[in-house]
Amino acid sequence: MLQAQQELLNWNNMQISVMEISHRSPEYIEMAAQAEQDLRDLMAIPDNYHVLFLQGGATMQFASVPLNLMGKCAKADYLNTGHWSEKAVAEGGKYGQVTDINALYSVDGKVDIRPLEQLQPQGRRLGEGCAYVHYTPNETIEGIEYSFIPEAQAPLVADMSSTILSRPIDVSQFGIIYAGAQKNIGPSGLTVVIVRDDLVNQVQPSAPSLLQYRAQIERDSMLNTPPTFGWYLAGLVFKWLKKQGGVEAFATLNQKKADVLYQCIDASDFYHNPVATSARSWMNIPFTLANPELDKRFLEKSREAGLLALKGHRAVGGMRASIYNAMPYEGVVALVEFMKEFEKNYG
Ligand SMILES: Cc1ncc(COP(=O)(O)O)c(C=O)c1O
């Protein structure tokens, strides 16, 4: 952000802002291509995958995925782990026959993801007879995360909005990976889609041109004006991630951040996290207070202590610490210290 601020009015020594120049200018195109290359380097994206920089958020992909993949076979399996999976199921169902598979169960009062062998729909294997299998590796609101990649008989499509760049990911195991930018990539308004080359020829003919992966691939994501400023900022973030040691370094750091917060929650009867250890998110950690009447006080006091955005999503209530790549370890330690102090005063 500091770099963006410093060069806001004079980008690339052109005496003009990056948001003022044409996305068709050679300078912009060079920057855009470099951003793509940096993302390819960071994620070790194989050559048979295309990388798209689009608009519409992850929510647009809930429609784009079925429109692009259901042209030959209008069936798909959807693993459902909560809020965002459900939205994907609802949208997917508009374009084809979608099987909604409940991937959750309860163990000792905690919510967990079913083991692979229990993720099969009735009477067939996961993805059998389907165009694709869709899942959400990390449910951002509930803080539920897969510790494994589901094995399927059809290409896997993953909504990695709150997973991407948090750790190494074996891209070759997926047909499509998509992510809204606003967590680990950059500002909102940009969506990254990584799509395997053999999946771009089964589009439903009625799909809007802007949503067709093949059309976007042919025009380097510039079928119309792309989200130019978001793309530029994402490029800066990719360079920053590389400088910090890439996704391997962030995996270590993110795990350490999550560990220290879960330890604090588990060590007390005052705080509670509802997710089984094996399905706990590294990125989003929801927790409740033993006495919900203290929620408001907790949020007031934490804000006073400079700890922001801890209110849980309105769909689930309680608190949620979203500790994406940009959150330093020290930030999580500050939260843990605050939580201990709050418990001492109000517990
Ligand atoms: C996993 C997941 N999917 C989808 C979305 C929706 O993203 P967008 O607002 O970019 O459409 C979010 C947003 O928080 C998310 O976390």
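Domain 1 covers residues 2-243 and domain 2 covers residues 246-346, the bounds being taken from an automatic or database domain assignment. To the contact between them, defined by heavy atoms within 4.5 Å, domain 1 gives 24 residues and domain 2 gives 25 residues. Residues are numbered from 1 along each chain as its sequence is written, and side-chain values use heavy atoms, with hydrogens and water left out. Because the model is predicted, local features need pLDDT of at least 70 and side-chain atom pairs count only at pLDDT 80 or more, whereas totals for chains, interfaces and linings use all residues.

Strand β9 consists of residues 156-159, where strands (E, at least two residues) and helices (H or I, at least four residues) are DSSP runs numbered from the N terminus. In a regular strand the side chains alternate between the two faces of the sheet. In β9, Leu156 and Ala158 lie on one side and Val157 and Asp159 on the other, and all are buried, that is, under 20% relative accessible area with a 1.4 Å probe and protein chains only. Two strands are taken to pair if DSSP finds at least two bridges between them. Strand β6 (residues 132-135) pairs with β9 in the parallel sense over three bridges, and tyrosine 135 stands opposite alanine 158. Three bridges also join β9 to strand β10 (residues 176-180), again running parallel, with tyrosine 178 of β10 as the bridge partner of aspartate 159.

A pocket is here an open set of points on a 1 Å grid over the protein atoms alone, where a 1.4 Å probe fits, with protein on both sides within 12 Å along at least five of seven lines, and its lining residues have an atom within 4 Å of a point. The largest pocket has a volume of about 540 Å³, a volume being the space filled by probe spheres set on the points, which are joined across faces, edges and corners. Of its 18 lining residues, Met1, Leu233, Leu236, Val237 and Trp240 are the closest to its centre. The elements giving two or more residues to this lining are α1 (2-6) and α6 (228-243), and the largest share, seven residues, comes from α6.

The second largest pocket has a volume of about 330 Å³. Leu308, Ala309, Leu310, Ser322 and Met327 lie nearest its centre, among 14 lining residues.

Note on methods: Buried means under 20% relative accessible area, exposed over 50%, partly exposed in between (1.4 Å probe, protein chains only).
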